[in-house]
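Open the model in your viewer and keep the selection tool at hand. This tour goes from the whole chain to single residues.

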Amino acid sequence: MSHSVRPTVAIAFHSGYGHTAVIAEAVARGAEEAGAEVVSVSVDTITDEQWAQLDAADAIVFGAPTYMGTASAAFHAFAQASTKRWYPQVWADKLAAGFTNSGAKNGDKSSTLGYFATMAAQHGMHWIALGLQPGWASTTGSEDDINRLGFFLGAGAQSPTDAGPEAVHTSDIATAEHLGARVARQAAIFRAGRAALAA
């Protein structure tokens with residue numbers, strides 16, 4: 001990827017107990033390996049400088065644990081604060097994607113991913129889906145398959161509630177890396193397209 005089209009991917013996330021941070025790190029790793037510059041922002045301690053980094057990014061990947069069927073309260077506080085960007089549509093036409101983690105295999109993670117997609121739509125952003133077929137969906141499959149939980153809208157991860165961040169499943173980490181790489185590649189295409197139109 002040439003430097004002229006190297007995109008910036010920002011990851012805006014909250015992690016309650018460290019599990020979701022592991023997934024955020026995997027998204028960042030995937031994006032970096034695909035050629036993007038990456039900015040990671042923990043939204044519960046976000047600074048003015050970090051808000052500006054989100055404003056300048058080509059893509060923003062939203063992430064939070066799923067608590068009681070939606071994103072964590074800290075992420076909701078960030079989302080509400082983002083209305084200062086919503087009114088003037090500062091994030092319009094950026095790319096967006098999302099990831100979440102919960103203790104249960106399903107855990108209503110789709111609700112959280114849907115919330116992220118709706119938030120992105122309100123900001124006028126373009127949503128990037130996971131782009132993977134479901135794993136662990138046949139008698140020959142296993143929990144080690146990528147996208148083992150079978151989500152389409154974004155990356156879903158499951159972590160035991162009685163174990164620390166080291167227990168995040170390697171398949172979920174690989175799925176998150178795939179998401180980061182996919183966002184980076186799409187952001188590069190968008191950036192190159194805009195440059196071509198401007199020329």
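Start with everything selected. From the N terminus on, the elements run β-α-β-α-β-β-α-α-β-α-β-β-α. The radius of gyration is 16 Å, close to the 16 Å that the globule rule gives for 199 residues, so the protein is as compact as a globular protein of that length. That radius is taken over C-alpha atoms, and the globule rule is 2.2 Å times the number of residues to the power 0.38.

This is a predicted model: local features need pLDDT of at least 70, side-chain atom pairs count only at pLDDT 80 or more, and totals for chains, interfaces and linings use all residues. Residues are numbered from 1 along each chain as its sequence is written, and side-chain values use heavy atoms, with hydrogens and water left out.

Now colour by secondary structure. There are 6 helices and 7 strands. Both are DSSP runs numbered from the N terminus: helices are H or I with at least four residues, strands are E with at least two.

Stay with the whole protein a moment longer. Its C-alpha atoms fill a box of roughly 50 × 35 × 25 Å, taken along the principal axes. Buried residues make up 48% of the 199 residues. Buried means under 20% relative accessible area, exposed means over 50%, and partly exposed lies in between (1.4 Å probe, protein chains only). Among contacts with a separation of 6 or more, 78% are between residues 24 or more positions apart. A contact means heavy atoms within 4.5 Å.

**Stop 1: helix 2**

Select residues 48-56, which are helix 2. Which of its residues are buried? They are Gln50, Trp51 and Leu54. These cover an arc of only 105° around the axis, which puts them on the same side of helix 2. The arc is that of the directions from the helix axis to the C-beta atoms. Turn to the other side: Asp48, Glu49 and Ala56 are exposed there.

Next, show what covers the buried residues. The cover includes strand 1 (8-13), strand 2 (37-42) and strand 3 (59-67). Helix 3 (73-81) and helix 4 (83-86) are also included.

**Stop 2: strand 3**

Select strand 3. Of its 9 residues, 8 are buried, so the strand is mostly covered by the definition of buried used here. Strands pair if DSSP finds at least two bridges between them.

Now click Phe62 in strand 3. Ala12 stands opposite Phe62. In strand 5, the bridge partner of Phe62 is Gly98.

**Stop 3: the hairpin**

Select strand 4 (residues 70-71). It pairs with strand 3 in the antiparallel sense over 2 bridges. Thr66 has Ala71 as its bridge partner in strand 4. Strand 3 and strand 4 form a hairpin with 2 residues between them.

Is Met68 buried or exposed? Met68 is exposed, with a relative accessible area of 84%.

**Stop 4: another loop**

Finish at Gln89, in the loop between helix 4 and strand 5. Phi of Gln89 is near 55°, a positive value in a residue other than glycine. Gln89 is partly exposed, with a relative accessible area of 31%.
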